[in-house]
Amino acid sequence: MNTAELGDRILNGERRALARAITLVESGREDHRAQATELLAHVAKSQRQSLRIGLSGTPGVGKSTFIESFGMMLIGQGLRVAVLAVDPSSARSGGSILGDKTRMERLSREKNAFIRPSPSQSHLGGVARRTREAIALCEAAAFDVVLIETVGVGQSETVVSEMSDLFLLLLAPAGGDELQGVKRGIMEMADMILVNKADGDLKATATRTCADYAGALRLLRKRPQDPEGFPKAITVSAVEEHGLEGAWAEMQSLTQSRRDSGHWDANRSEQAQYWFEQEVRAALLAQLSTAQARAEMEQLGAQVRAGGLSPSAAAESMLSSLIPVRRSG
């Protein structure tokens, strides 16, 4: 199948074509990358936009349960939902379990839902390297909401905010010590903090935890893109499905405010610039993986180990061979 035909099937909302296209953009083969670039250019003509929601949270907080309950609620309102879940890869074998689909059994059976687990491989940032392109394909397939689940929570996971319109931080009921463990960087990027498991014996604890996080958010510097009252912390229960509609109403309010203020379009433009720069950096790093580059690295490394060449001089020599300096005249 050529890329134009595959692109047209995606634009018609065919889930099988979408899955095939994401496999294509995730491939590292040079011919596949050329086809992926052509495909993305084809579907970009539709100019469709989904609401991109990034979701991060500590392990065991219930991200998959929340996504399933939240996704089912959105589908109940007539919306189409795509879930891009990133599973951590083994540093030894490079493999991933990719079990999110089995953890979201109800949502995976819905015809208006699409769940795609992807391995993080060696890419930092809590997302797979091609997640941004997968999001673009889901938008082209006319999904109203795209949920991007990261592998965990920490300073490196904040890169998900560079590909989403809203960034949610899901946390569990806990005491003050756990509050200290949440990185300030990710707190500053969160648009909303959702304290999950606000049910049963943990309901009172969740309410107190929510108040603690709300207080912490008030101490952070006001961001220009936030209307009055944001960012905010609220309690939800993914198991009992309480608070989900209220959380969705808050997300819609924040989204509309950012559209009206012009931040939505400006943010998307800045994100495009960010990913352009990331692609350039990734392409330059990829040059170090060629056989010729590895041989030269080994040769220069041997001279450094023998003391005949300083590390900085060796690095300069290596870089000059990768990016030759153009001399005028």
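First, the ground rules. The model is predicted, so local features need pLDDT of at least 70 and side-chain atom pairs count only at pLDDT 80 or more, while totals for chains, interfaces and linings use all residues. Residues are numbered from 1 along each chain as its sequence is written, and side-chain values use heavy atoms, with hydrogens and water left out.

Now the overall picture. The chain has 14 helices and seven strands; these are DSSP runs numbered from the N terminus, with helices being H or I of at least four residues and strands being E of at least two. Of the 329 residues in the chain, 44% are buried. Buried means under 20% relative accessible area, exposed means over 50%, and partly exposed is in between, with a 1.4 Å probe and protein chains only. For contacts (heavy atoms within 4.5 Å), take those with a separation of 6 or more: 75% of them join residues 24 or more positions apart. The accessible surface comes to about 17,200 Å², and 51% of that belongs to carbon and sulfur atoms. Areas here come from the Shrake-Rupley method with a 1.4 Å probe, and for residues only the protein chains shown count as cover.

Next, salt bridges. Side chains of opposite charge can pair when their charged atoms come close. The rule is a side-chain nitrogen of Lys or Arg within 4 Å of a carboxyl oxygen of Asp or Glu, and by this rule there are 19.

Where do D226 and R258 lie? D226 is in the loop between α10 (203–219) and β7 (232–235), and R258 is in helix α11 (residues 244–261), so their pairing ties together parts that are 32 residues apart in sequence. The N to O distance in this salt bridge is 2.9 Å. D226 is buried at 8% relative accessibility, and R258 is buried at 4%.

E298 and R305 also form a salt bridge, with 3.3 Å between the closest N and O atoms. Here E298 is partly exposed at 49%, and R305 is exposed at 61%. Elsewhere, salt bridges with shared partners join R33, R130, R132, E133 and E279 into one network. Within it, R130 and E133 pair at 3.2 Å; R130 is buried at 11%, as is E133 at 6%.

Last, the surface. F276, V280, L284 and I323 form a nonpolar patch, with about 350 Å² of accessible area together. Patch residues have over 30% relative accessible area and no salt bridge; like charges are joined within 9 Å, and nonpolar side chains (Val, Leu, Ile, Met, Phe, Trp, Tyr) within 5 Å. I323 sits in the segment after α14 (311–322) and is partly exposed at 47%.
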